[in-house]
Each structure stands twice: as structure tokens, then as C-alpha cells.
Amino acid sequence: MKRSVADIKLTVKPVFIGFEHQYYYEGPCRMAGGDAIKPGFDAIVQGKMLKGFLANVDKYVASTGANVLEPAIVRGTDDWDIKDSYFEEMLADDQKTDLYVVMSNFGANQILVEFCCRTGKPVVMNPTKSFGAMSTAPALRRGADVLPAFDWPEVARYCSILRAEKAVRTANILLAPRFDSTTPKAGGNDSFTCLSDVTRQLGCHFRHVNVHELMDMMSPLPEEGNATTPGRATPNITPEEVARCEEMANELMASADPCVVDKRFVVKSLVAWTVVQKLMDLYDCSGFTAPCPDACSTRRLNEQQFTFCLAHSLNLEQGFGSACEYDVTSVVCMIAEMALSNSAAYMGNTLPVVVTEGHVEWPVNVHEEDVAGISLEDAANMYSVIHSTPCRKLHGLEAAADAYALRHFAYDQGFGAIQRHDFTADAGQKITLCRISPNLDEMLIVSGEIVAGTGFDTDNCNGGFVFKVADTRDLFKKQMRFGLHLPLVYGDIADDLEELAKRLGLEPVRA
Amino acid sequence: MRRDIKERLLADKRAAAEQVDAARAEHAEGTLTAELLRERLFWYVLAKFGLEATEAPDRSLEALAEESLAKALRTDPDRVLEAERPATCDGARSVDTKQALLVMALQREFGVVLDGLRAGLADTTDELADLVFSALEAQGDGSRK
């Protein structure tokens, strides 16, 4: 089944490692007297600590939407024994566990270190207690994945970051190439140089469908099969699904303001989306990309009168990574960003506003009437992003749908339904952009703020906004090493992306 | 120690002992019920914590321990510092230590042995009372283990 970021759940196992003195004695490990150093006392006070620990797990971990398993409880003693049964208890759910949250007690340090080393999964320590560094240091230095949480809100933050990591590492991405399945002839040439390396380092996998076979599926299956796959049963659009596209077109057009596209073209774009979704479902995918120029030059998009723009918009607002121009890198970045922000991503050609020799050179597709009010001084640290794939969930996957317009991509024939979003209404909105380098060594992370929208009333591959950055020239120099498209989400997730980048083996580059 | 504090401590000690003695006698007679023990244990805890009934926020052990500490700080801060120092290397909270010491005393005075971790997990005086009742029932004729 297709799998959006909203379907990704982190599975968390709480672990409590207690330590009890079995006899009454005083000495350098006994910090009290009377009943407090008699047998039985340690167990009682640790029951209290366990209760508090589980209450915090509920408050800070379960509340993130994580699936919290039954806790494992181990009771070490001053016999200093380390039993296999301890690890059987703690690791009983290791296969399905994504994160361990551990509370340990002084005295059980060796049990804890061995546990951290035995599991390959990340472990976050109960903050503030347990003299954590005594156990985290030897475990970390032995290769364990230990996350040092300063406080319980940071435990919650780690849950969010690990969930995004899981979204990336478990993603299957549907690719619809025409030529080379790694990069297209034109468009996403700046995408990953080797998809096998992506699987090895990031964990995500790729599922392929030939773009011609995909386009053949956009008509009901002929008796003799599609031209590209004669005699085979393929998941073509069905008459019932076409009828659903007609209904959906009515719904989309009714709420669009303005709506400047003919219904038959909205239906054709929706048919394309439906087939893409069917294939994503068939191959258990979390993302999709298809080549624009490569597919366009077959002339089949002209003949079938559709583009993939609306498919990307509708995929994104459901929490699936979806990028044009066969930009596989952008799909992966979108999945990461959407999982962290719980908002739909947007991607476009990301270009600097060049202020040089006393004048502004606005990037191509930025319409000067939209930015007429921006002074030379303000334009000095700006960038732009333009594409026809905004969607209605930029403010949140679960938020109410944004207002939108529907227009058309093709100037002459009017096909290719596209959404438009009024980014001017979002002036002041903080955004975070990112891109992974083609050879998987770095992640560029950019913080920005929307200034003004552009191209709302235009057709074709237009529509986007200009935004403030810290230093245009610095960002440009860095961007040249990463690529053209910088997928973005609303909100400031830069620090979380930086942490995620490190976990994915990528050196973060901030701008 | 001030005379009024000393007298109050002695009164609390007697009040706690009365509840224990009554419960043990009722157990020996076979008339102790779970509901009755819950009431006795509640008054026992109030006495141990030096609280009047009007000062008890509810039957939550944590709330009662917090109120007891707060009251003691208001009247005798030195005594609190002495008695409430962390008892473990992991720096358990004062309220945790206070409740743990209560359970240690309770086991000794009621003549029962409870599973420590389970007793530590108890939220209310009623839950604690039910553990004590089960332990007394397991003893059968009320003989001390």
C-alpha cells in the first residue's frame, strides 16, 4: 500500500533498569541510614521512579504519536550478576522497536552499557537522572547509538527526528523514467549520481515504471492490452475511476478562485494522478517523480493533453514526496521535511535575486509588477522559487485547505491543470529549504522568510515567491554545489534537519 | 526540638499505632475487610505524614507526601533537611523517599512483606491498603512473617 509521511509511526520501547541492595550495610555506596539502607527500600523507591518515568514517557513520547510498547523492567542487584535473561527481556521487541527510552540506576551501569551495545537501535536516556554520562560515554565510544537528551522536551524532539529518519529510510519511491533511470536528459541532472548509493546510505528503495507504459495506463485497458505491453493485464484507469475523476474535477473547480481551466483538462490531469496513485499503491510507495522534458518530447503529453503538475500537488497534500523533472533528490528531501513539519512541501526553481551595479536582476519567471514595491536595499538578500506545483496543505497536512486557483499549463491548447497559491498572503512566513548533494556527502539547509508572491495570475510553469535569506551571495556559492531545486516547507525546522542530516551520514551546510 | 513539635510527633505516632493495632486485631478476629483496611490505612498515612484530615488533598500518596513535606518545611525546616536527604545515588525526589520510608514502616508495623517495586508503583492509599490486605490474607491466621 502507498505510505505517506502521516502513516509513519515511531515504535518506542521504554526500559527500566533497577538496582537493589540485598543486605543492610554501610559504606561508600550507601548515602543514607536507617530504613533507607535496609533490604526492600531500593525496590520501593525505584517503583516510584518507574512511575514517574512512565508518566514522562506518556507525556513526552506518546503525545508525539509514537507507538509506545509495554516497558521492559530489569532488576539488577548487588550480586553484580549480569544475566542473559535481562537482555532477553529488554530486547524482546527489538525487531519492531525504533527507539529505546531508558531509565537506569547507579549500579546497573554495566547492564546498561551492554544493552546499548547489543541493540543496533537508538537509545535515549532518561534526562537529568542516572548519572547518564557514566554509561553513555562507554556505550557511544563502542559504537552504540545513544542520544543525549538534555530534558524531556528534547526526548520528544528526538522522537520527531527519528520518525523523519524512519520516513526516509523506509521510503519506496516510484520512478517513471524515459531513458536513464538515475537522471533525466534535462531537468533533474543535479539529482543523485547513483541510486544504489542512496539505498546503501539512506535506506530508501526505488520502484520503476517505464514512462510510456505509465502513459498507456491512462486509458481503459484495451482487450489486446496496451501497445507497450500487448496481451498483459496492467493497472489501467477504469471507467469507474474516470467517473470519480469527473466528480473530483467538479469539486476542485467549484472551490478554485479563480478557475481558468476547462473541465476536460482537469479530468485528464486527474486521470494521470489516479494512475500514479494506483502504481504507488501497487508498489508500496511514499514518493513519485517523472521527467518533464524527457516525457514532453515524446509528444504524448501533447496528444493525451495532460501534465503531471496536478498529480504532484495532490500527492504532496496527502504527505507523499512528489517532484517534477525527475528530481529524485527533491522527493527524498520532501519526505524528510514533511515528516518533520507535518506540512506539505513545495519545490521550484530556486534562484538568487542578483543586485549588481546598482540594479536588481530579478530571476526568470519573477514578474516585475509583483515585486515593484521591493527596494534595492531589501532585494539585496533575496532569493526566489518558482514552479507550478503548490498545494492546499502548505500550512499543515491536517490543517484546513488553503485557498487556491486552478489554471492551465499549455498556453495554446489549455491542458495541464495547475494549482496556484497566493504566496503574498503568506508574507512573513518562515520557511526552511534543503537539498542533499548529488554524491550524498552533504545537506544544504536554508532558512528564509516569504516576502511576496509572483505569477499567481499566470499560466504555464510559473507561480512562486521571493523570500529573504541571510546572505544571497553565500547561499548562491553553496547552492552551486547542490542543485537547482531546494524543496521547502513552512516553519523553521533547520535545527531538526541538521540533526537528521547527521543521522543520515550527511554533513550539514547551513545558509 | 521544640516542645509543641515533639508533642505533635508523639501524638501522630500514637495515632498511627492505633490504626495498626486495630487492623491487626480485626485481622486476627477475621473481621478485617478490604474496605475497612483502606480507611485505617488512610488514617495511618495521615498520622505518619503528620497531617490533619482537613489537610489531605485526596488519597494520592504523592499529594499527601508533598503536603507533608510542605507542612514540615513551614514548621521545622531543619528536620526536613535532616530526614529528607536523597537516599540513593540516583537522587530520588524527596517525595519518593518519603513514600518509600512510609512503606518500609508500614511493612514492619503491619507485619507484612510487600513486593517493593509493586508497592512503589501504588498511586493511592487505597491501592497500598489492597496490597497490605492481600499480604495479610496470604498469611492466613494473622501470624507474622
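How many salt bridges does a search of the whole structure find over all chains? The search finds 45. The points below start with some of these pairs and then move on to the two chains. Keep in mind that the model is predicted.

1. **Arg157(A) and Asp496(A).** These two side chains form a salt bridge, 2.5 Å from N to O. Arg157(A) sits in helix α5 of chain A, residues 152-169, and Asp496(A) sits in helix α16, residues 494-503, so the bridge ties together parts that are 339 residues apart in sequence. The two partners differ in cover. Arg157(A) is partly exposed, because its relative accessible area is 24%. Asp496(A) counts as buried, at 15%.

2. **Arg503(A) and Glu165(A).** A salt bridge joins these side chains as well, again given as N to O, at 2.5 Å. Arg503(A) belongs to helix α16 of chain A and Glu165(A) to helix α5, so this pair ties together parts that are 338 residues apart in sequence. Glu165(A) counts as buried, because its relative accessibility is 9% and the cut-off is under 20%.

3. **A network around that pair.** Asp145(A) and Arg169(A) are linked with them in a network of salt bridges.

4. **A pair within one helix.** Arg200(A) forms a salt bridge with Asp197(A), and their closest N and O atoms are 3.5 Å apart. Both lie in helix α6 of chain A, residues 195-202. They are 3 residues apart there, so about one helical turn separates them. An α-helix has 3.6 residues a turn, so residues three or four places apart point the same way. Arg200(A) is exposed, with a relative accessible area of 62%. Asp197(A) counts as partly exposed at 29%.

5. **Chain A overall.** Chain A has 16 helices and 21 strands. Its C-alpha atoms fill a box of roughly 90 × 65 × 40 Å along the principal axes. Of its 511 residues, 58% count as buried.

6. **A nonpolar surface patch.** Which residues form a nonpolar patch on the surface? They are Phe106(A), Phe131(A) and Met134(A), with about 290 Å² of accessible area together. Met134(A) lies in helix α4 of chain A, residues 133-141. Met134(A) counts as partly exposed, because its relative accessibility is 45%.

7. Rolling a probe the size of a water molecule over the atoms shows where empty space is left. The search of the whole structure finds 1 cavity of 30 Å³ or more. The largest cavity has a volume of about 30 Å³. Its lining includes His387(A), Arg420(A), His421(A), Phe423(A), Phe456(A) and Asn462(A). Pro390(A), Thr454(A), Gly463(A) and Gly464(A) line the cavity too.

8. **The second largest pocket.** This pocket has a volume of about 450 Å³. It is lined by 25 residues, and the closest to its centre are Cys292(A), Cys296(A), Leu301(A), Thr307(A) and Phe409(A). Three elements of chain A give two or more residues to the lining: α10 (292-296), α11 (300-304) and α12 (309-316). The largest share, 4 residues, comes from α10(A).

9. **Chain B overall.** Chain B has 7 helices and 0 strands. Its pattern along the sequence is α-α-α-α-α-α-α. Buried residues make up 47% of its 145 residues.

10. **Helix α5 of chain B.** This helix covers residues 94-110. At 1.5 Å a residue its 17 residues should span 24 Å, and the end C-alpha atoms are 24 Å apart, which agrees. Of the 17 residues, 13 are buried, so α5(B) is largely enclosed by the rest of the structure. Just after α5(B), Gly111(B) takes a positive phi of about 75°.

11. **Helix α3 of chain B.** Helix α3(B), residues 61-75, has 15 residues. It reaches 21 Å from its first C-alpha to its last, close to the 21 Å expected. Its buried residues include Leu61(B), Leu64(B), Ser68(B), Leu69(B) and Lys71(B).

12. **Asp123(B).** Where is Asp123(B) found? Asp123(B) is in the loop between α6 (116-121) and α7 (125-139) of chain B. Asp123(B) counts as partly exposed, because its relative accessibility is 35%.

Technical notes. Residues are numbered from 1 along each chain as its sequence is written. Chains are lettered from A and ligands numbered from 1 in the order in which they are written. This is a predicted model: local features need pLDDT of at least 70, side-chain atom pairs count only at pLDDT 80 or more; totals for chains, interfaces and linings use all residues. Side-chain values use heavy atoms; hydrogens and water are left out. Patches are made of residues with over 30% relative accessible area and no salt bridge: like charges are joined within 9 Å, nonpolar side chains (Val, Leu, Ile, Met, Phe, Trp, Tyr) within 5 Å. Accessible areas come from the Shrake-Rupley method with a 1.4 Å probe; for residues, only the protein chains shown count as cover. A salt bridge is a side-chain nitrogen of Lys or Arg within 4 Å of a carboxyl oxygen of Asp or Glu. Buried means under 20% relative accessible area, exposed over 50%, partly exposed in between (1.4 Å probe, protein chains only). The expected span of a helix is 1.5 Å times one less than its number of residues. On a 1 Å grid over the protein atoms alone, a cavity is a set of points where a 1.4 Å probe fits but cannot get out, and a pocket is an open set with protein on both sides within 12 Å along at least five of seven lines; lining residues have an atom within 4 Å of a point. Grid points are joined across faces, edges and corners, and a volume is the space filled by probe spheres set on the points.
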